[in-house]
Amino acid sequence: KILLAGDPGAGPSGESYIVSEIGLTHTRVVHWSGESYTYMNHILRGMGVVNLTRAKTSLKSVIVILPYRTPSAEVSKLIDSVRVYVADTPSDWTGGSAQLKTVDYVRARLLVEFVLTS
């Protein structure tokens, strides 16, 4: 998983992606939303690229997609459940956060992002 900063226009800036293919001339990445982008390797050289899986503290980002009409009490229960899980497994996780990433009115869904550190 990588974080790209200073996007040349092929995708959103400052977003994290999963590398799906590294070729001789290009690299393909996939965004959590399912969109894929192909970057020419000479363009990636000019961008800030952070390998999130090789850092001393590993970050794991999980996006949970919920129906738009999910009651806020149920969203809170989900967030609380993840917090309890993180607190109960200190050998695996050192912390975490949760936030409502976006409300997608067109697709009638909520996106909640959990970022966990290990």
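Trainee: Why is Asp-104 called buried?
Mentor: In this predicted model, Asp-104 has a relative accessible area of 16%, and because buried means under 20%, Asp-104 counts as buried.

Trainee: What makes the contact of Asp-104 with Arg-107 a salt bridge?
Mentor: The closest N and O atoms of Asp-104 and Arg-107 are 3.8 Å apart, and since the criterion asks for a Lys or Arg side-chain nitrogen within 4 Å of a carboxyl oxygen of Asp or Glu, the pair qualifies as a salt bridge. Through shared partners, salt bridges join Asp-104, Arg-107 and Arg-109 into one network.

Trainee: Is Arg-107 then buried or exposed, and how do you know that?
Mentor: Arg-107 has 59% relative accessibility, and exposed means over 50%, so Arg-107 counts as exposed.

Trainee: What makes Glu-113 and Lys-101 a pair that ties together parts of the chain?
Mentor: Glu-113 forms a salt bridge with Lys-101, with the closest N and O atoms 3.6 Å apart. Glu-113 belongs to strand β8 (residues 109-117) and Lys-101 to strand β7 (residues 95-104), so their pairing ties together parts that are 12 residues apart in sequence.

Trainee: Which label does each of these two partners receive, and why?
Mentor: Glu-113, at a relative accessible area of 11%, falls under the 20% limit and is therefore buried, whereas Lys-101, at 29%, lies between the limits of 20% and 50% and therefore counts as partly exposed.

Definitions and conventions. Residues are numbered from 1 along each chain as its sequence is written. This is a predicted model: local features need pLDDT of at least 70, side-chain atom pairs count only at pLDDT 80 or more; totals for chains, interfaces and linings use all residues. Side-chain values use heavy atoms; hydrogens and water are left out. Helices (H or I, at least four residues) and strands (E, at least two) are DSSP runs, numbered from the N terminus. Buried means under 20% relative accessible area, exposed over 50%, partly exposed in between (1.4 Å probe, protein chains only).
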